[in-house]
Amino acid sequence: MIKEKLLYLQTFGCQMNVSDSEKIAGLLKDIGYRPTNDSSLADLIILNTCSVRARAEEKVYNHLVQYKGLKRKRPKILIGVGGCVAQQEGERLLLNIPHLDFVFGTHNLHLLPELVLSAEKGERQSETDFIDNDSRLDLFPVDNSTNGVSRFVTVMQGCDNFCSYCIVPYVRGREISRRSADILEEISQLAAKGVKEVTLLGQNVNSYGLKSNGELDFVTLLRQVSEIPGIERLRFTTSHPKDFSRQLIDCFGEMPKLCKHVHLPAQAGSNAVLSAMNRGYSREEYLSLIGQLKAVSPGIQITGDIIVGFPGETETDFQETLSLLEEVRYTDVFSFIYSKRPETKAAGYSDHISQKEKQMRLDRLLAMQRKITLENNRSFEGSVQEVLVEGESRRGGQIYGRISGNRIVNITANPALVGQMVKVTITRGEQNSLQGELCN
Ligand code: SAM
Ligand code: SF4
């Protein structure tokens, strides 16, 4: 029998990393590692990292410095780094951080058990080779967890868009679509375990299948997923405006299981900035998409990502981003200060903006969006919404779930309702969530 050891797994960044971490935990279970929430008890610490912004990368180094002391006290503890920082830095991490035992890149998750077993014998290794697309088809993370009613299912990896600010194509590699048969099989298995809602996940799901011979396109995939018995709700993220087809817009009017929410990052409101970002659409095209979505699905909730302080962004450009927020009336926006990333085209642009100005623009944008978000949340007051109950709230005595439009609702009700779809009257719209009461 294998002796059980403890794994402390720290995940940074996007849902893609969360999904990879689930796979990491599954792979390491096979060689005797069980998860712990306490790093001081761990036999193995793994940091699954993000490098999309410099700040995320710095966090990883700060954690590694902290673990130096732990390693001094317990020299047998193993420390590994995976994910996007690992892909970017590779071997350099082992050279610069003597207490680090191994490094694995974004295409090398499957090598992890071997790396850990070698590290247990004292070998320090780095594996960051990209794998060609055909071999990668068998290496998609599969969701093996047993709990929850709502799960993410990876349908594609990598990105070919090369937005001028973004490191993802360099650290995640070329875009590849997973086989539709594998996706449908995984979702059928999740449904059989009681999962009712799935979110199809990729950097740019709208281009699913377009580069694979004989593969379904995204709309056909969505339709087939919605026919799987037991799946009551369907979502997808992230969408790229340049690939959002008319057929996909129509799905929101035709598919009752498709939730009334789209995450559609604009990144900026000015055509000059959008062009410098290499986004492939104009402000007018973006707004036309939003208009069509709202026409097909009245009340649809739109969220987005915005970058402020892109090189060369003038005050007038920035005001166009503010006016975009007003025109779209986003439910919520993830907003980021532009961060210069190695290898990207924008890193070489000359007209970078001061940190102080970038921060001021972010504060202005946040203030405007907070107001829109609150007004939008209040607009739900008195309405009746279907809520899929996901768990017990941190606020005692309450359960929480999401409406179709992806807003969180807290409800004072019996925890036995977790996992069920219930009808709820919204009693109050707050800044970050809604309050509701069960309908009789
Ligand atoms: N593929 C998705 C898309 O195209 O919208 C998102 C991928 S990225 C991990 C998530 C968000 O991070 C982006 O939408 C963008 O707003 C932000 N981001 C990416 N690179 C950035 C950078 N260099 N500085 C600031 N924000 C950045
Ligand atoms: Fe990055 Fe653009 Fe690809 Fe999104 S679409 S991952 S922002 S390069």
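This is a predicted model: local features need pLDDT of at least 70, side-chain atom pairs count only at pLDDT 80 or more; totals for chains, interfaces and linings use all residues.

Begin by selecting ligand 1, which is surrounded by 15 residues, the closest being Y165, Q203, Q267, D305 and S339. If you show the polar atoms here, you can find a nitrogen atom of ligand 1 lying 3.0 Å from a polar backbone atom of Y165, while an oxygen atom of the ligand is 2.7 Å from an N or O atom in the side chain of Q267. An oxygen atom of ligand 1 is also 3.5 Å from an N or O atom in the side chain of R279. Taken alone, ligand 1 exposes 570 Å², and the protein buries 91% of that. Next, colour β13 (301-308) and β14 (332-337), the elements that give two or more residues to the shell around ligand 1. By class, that shell holds seven nonpolar, four polar and four charged residues.

Now select ligand 2, whose surrounding residues include C159, C163, C166, H240 and R279. Its shell is made up of seven nonpolar, three polar and one charged residues.

Finally, select helix α2 (residues 54-73), which has 20 residues and reaches 30 Å from its first C-alpha to its last, close to the 28 Å expected at 1.5 Å a residue. Which residues of α2 are buried? They are A56, E57, V60, H63, L64, Y67, L70 and K71.

Technical notes: Residues are numbered from 1 along each chain as its sequence is written. Chains are lettered from A and ligands numbered from 1 in the order in which they are written. Side-chain values use heavy atoms; hydrogens and water are left out. A residue is near a molecule or strand if one of its heavy atoms lies within 4 Å of it. Ala, Val, Leu, Ile, Met, Phe, Trp, Tyr, Cys and Pro count as nonpolar, Asp, Glu, Lys and Arg as charged, and the others, Gly among them, as polar. A polar contact is a pair of N or O atoms within 3.5 Å; within protein, one must be able to donate a hydrogen and the other to accept it, and residues adjacent in sequence count only if both atoms are side-chain atoms. Accessible areas come from the Shrake-Rupley method with a 1.4 Å probe; for residues, only the protein chains shown count as cover. Helices (H or I, at least four residues) and strands (E, at least two) are DSSP runs, numbered from the N terminus. The expected span of a helix is 1.5 Å times one less than its number of residues. Buried means under 20% relative accessible area, exposed over 50%, partly exposed in between (1.4 Å probe, protein chains only).
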